[in-house]
Amino acid sequence: MTLVHVPVMLDEILKNLPEVSEGRYLDVTAGGGGHLSQVLLAKNLWKAQAWDRDPDARARVEKRLLDEGLDVQRLKFFKKDFAQAPEANDFFNFILADLGVSSFQLDDMSRGMSLRSEEALDFRMNPGEGPDFLSWLRACGESKLAECFYRYAEEPRAKPLARNMLAWDASIFVNAKTFAAKIASYFNYRDPSRKHPATRIFQALRIAINDELGQLESLLDWAPSHLEKGGRLAILSFHSLEDRLVKQAFKKLADSGDYISLYKRPLGPTPLESQKNPRSRSAKLRVLERCW
């Protein structure tokens, strides 16, 4: 099955591109190349860097560019996350971060990240880095695991869930589908829900295992200083904790007088986009501009 990546809030991102004919674009979450290809189509004299820690991302991105009739030579790809800054003399007219997990990682059943996957359970964005899930879980400990559920999933039963999960038999962790079913059984919701009962717990584990908030804090630390004058940093977030970090960082930078936060409130998807692409519903876009 061919997986199709639908870039979230594409129109809003394209409208926020700086009005320079020649420029440099950095996409720190290349994913499937959806935003990347459309930016390069809109700015045909721009060149780009694309980063992603997913080992499968480069092939997807280059195929997307070729399918769109774009010259792959306009792109430099780096297999990396965005915790580390680019070279000191690297400056960009536009930097984009589309936070969270990509559609490919969720929809590819072989990755073991989806609630429906019958493959080995794995929340790592790069399966080649860090311990496997069971090793991470056993090393985590009850208090740290409970904090993960409380902070990232806002789960009121975080402590008993953590205590019970650490006592579950190894057979529960054989694949994502079995693990999700056990979580649903533990919660035992009487009323049906649009979302699977394990959705928030899967999200919390993914955020913790991939250090997603730590990565974001690093990005917010280095990205503004790597913008050209008039350059913009656009961040798409899908979790309230992510958006709070972005909001606070942008306000502090705007208060310094060197940057402008372009929107008092984050932009969200249109009702039509939310209807067509349910994964866009929680999206929030904030944009920062360097003014000197």
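Trainee: What makes I95 and R286 contacts of L233?

Mentor: Contact means heavy atoms within 4.5 Å. Leaving aside neighbours within four places in sequence, L233 is in contact with I95, A223, P224, L227, F250, R286, V287 and L288. Mind you, this is a predicted model, where local features need pLDDT of at least 70, side-chain atom pairs count only at pLDDT 80 or more, and totals for chains, interfaces and linings use all residues. Residues are numbered from 1 along each chain as its sequence is written, and side-chain values use heavy atoms, with hydrogens and water left out.

Trainee: Why does L233 count as buried?

Mentor: Buried means under 20% relative accessible area, with exposed over 50% and partly exposed in between (1.4 Å probe, protein chains only). L233 has 0% relative accessibility, so it counts as buried.

Trainee: Why is the pair of F133 and W136 called stacked?

Mentor: Rings of Phe, Tyr and Trp (its six-membered ring) pair if their centres lie within 6.5 Å; planes under 30 degrees apart count as stacked, over 60 as edge-to-face and the rest as tilted. For F133 and W136 the centres are 6.1 Å apart and the planes at 20°, so the pair is stacked. Both of these residues, F133 and W136, are buried.

Trainee: How do you know that K80 sits over the ring of W51?

Mentor: The rule asks for NZ of Lys or CZ of Arg within 6 Å of the ring centre and within 35 degrees of the ring normal. The charged end of K80 is 3.8 Å from the centre of the W51 ring. R290 lies over the face of W292 too, at 4.2 Å from the ring centre.
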